[in-house]
Amino acid sequence: MGQTEEIKADGRVLDISNLRYEVADRVLLDGLDLQVAAGESVAVVGPSGSGKSTLLGCILGLHRPHQGRVAVAGSDVTKMRQRALERHRSQYVGMVFQFGELLPELTPLENVALAALLGGIPSGEAYRRAEKLLRDLGVPCDSVPTGDLSGGERQRAAVARALVNQPTLLLADEPTGALDSASRDIVSELLFDVPQRWGCALVVVTHDVAVAERADRCLELTGASLTQRTAGARS
Ligand SMILES: Nc1ncnc2c1ncn2[C@@H]1O[C@H](COP(=O)(O)OP(=O)(O)OP(=O)(O)O)[C@@H](O)[C@H]1O
């Protein structure tokens, strides 16, 4: 069975089981399980230093866990060699960071198209996709360098960049952390629209209660494992 068929068979885009990760003498993740289906959104909250970004790093294959399985789109990324991992990541995963991580001197169109080109999309198609996404998300395409955009526009451009390779799984680490409240609302609205509009799964790490409350499920990372948050609970 191919990867796409495996996703269709059980609906799971992300399937983490029994994950253990240690740093220095501390166990950050201990027997952690997490399943996320296509079209579903999950927020991960928890105290600073509890290991939320480390968890995203394990999903991206940047951190090698000491134990457990991290299946993304049906393949265990903990077992992959570097080249295969990079290919798999660019094919299936999009990532939005707190500070956008865009090149300020390039236009938004160039930033988004570049991600598509690096993902192996031919130039014409890369620019077409980039332009469509930016227009859909209400970001100027090429009238200004990315560095001159507002914080909210920059973050929407970062979402466009994360979506340009049509990922199966979208990850976001504190995507609204650097924004004012108006831009925060626009960006979180957009992020949580993604699973419905593009059908991918979304995992957001956040300290922002308003963002966490929009997710289908909110999980708290404490004591090195994930527990379901009750509605209305504050981080
Ligand atoms: N290579 C490393 N060596 C030692 N400690 C590390 C290493 N990498 C991460 N840590 C520690 O692991 C802990 C978890 O870090 P992580 O960034 O995952 O937390 P977080 O929950 O995302 O925090 P925040 O909410 O503040 O962003 C922190 O205490 C960090 O200092």
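Why does Asn-18 count as partly exposed? Asn-18 has 13 C-beta neighbours inside 10 Å, so the label is partly exposed. On that scale, with C-beta atoms placed from the backbone, 20 or more other C-beta atoms within 10 Å of a residue's own make it buried, 12 or fewer make it exposed, and anything in between is partly exposed.

Before going further, a word on what you're looking at. This is a predicted model, so local features need pLDDT of at least 70 and side-chain atom pairs count only at pLDDT 80 or more, while totals for chains, interfaces and linings use all residues. Residues are numbered from 1 along each chain as its sequence is written. The pLDDT, which is the predictor's confidence in each residue on a scale from 0 to 100, averages 89 over the chain, and 93% of the residues score at least 70. Over residues 1-6 it is below 50, and this stretch has five contacts in the model beyond near neighbours in sequence; a contact here is two residues with C-beta atoms, placed from the backbone, within 7 Å. As for the overall scores, the model gets ipTM 0.95 and pTM 0.90.

Back to Asn-18, which is found in strand β1. Although Asn-18 is not a glycine, its phi is positive, at about 55 degrees. Helices (H or I, at least four residues) and strands (E, at least two) are DSSP runs numbered from the N terminus, and two strands pair if DSSP finds at least two bridges between them.

Strand β1 covers residues 12-23 and runs antiparallel to β2, residues 26-37, with nine bridges joining them. Leu-14, for instance, has Val-36 in β2 as its bridge partner. The two strands form a hairpin with two residues between them, and Ala-24 in the turn has a positive phi of about 45 degrees.

Now follow β1 to another partner: five bridges join β1 to the antiparallel strand β4, residues 67-72. Here Arg-20 has Gln-67 in β4 as its bridge partner. Helix α2 (residues 52-60) packs on the sheet and touches β1, β2 and β4, with its direction at about 120 degrees to that of β1. That angle is between N-to-C directions, on a range from 0 to 180 degrees, using axes fitted to C-alpha atoms, for helices over the stretch in contact.

Put together, the open sheet has four strands in the order β2-β1-β4-β5, with antiparallel pairing. Strands β2 and β5 (75-76) sit at the edges with a single partner strand each, so one side of each has no neighbour in the sheet.
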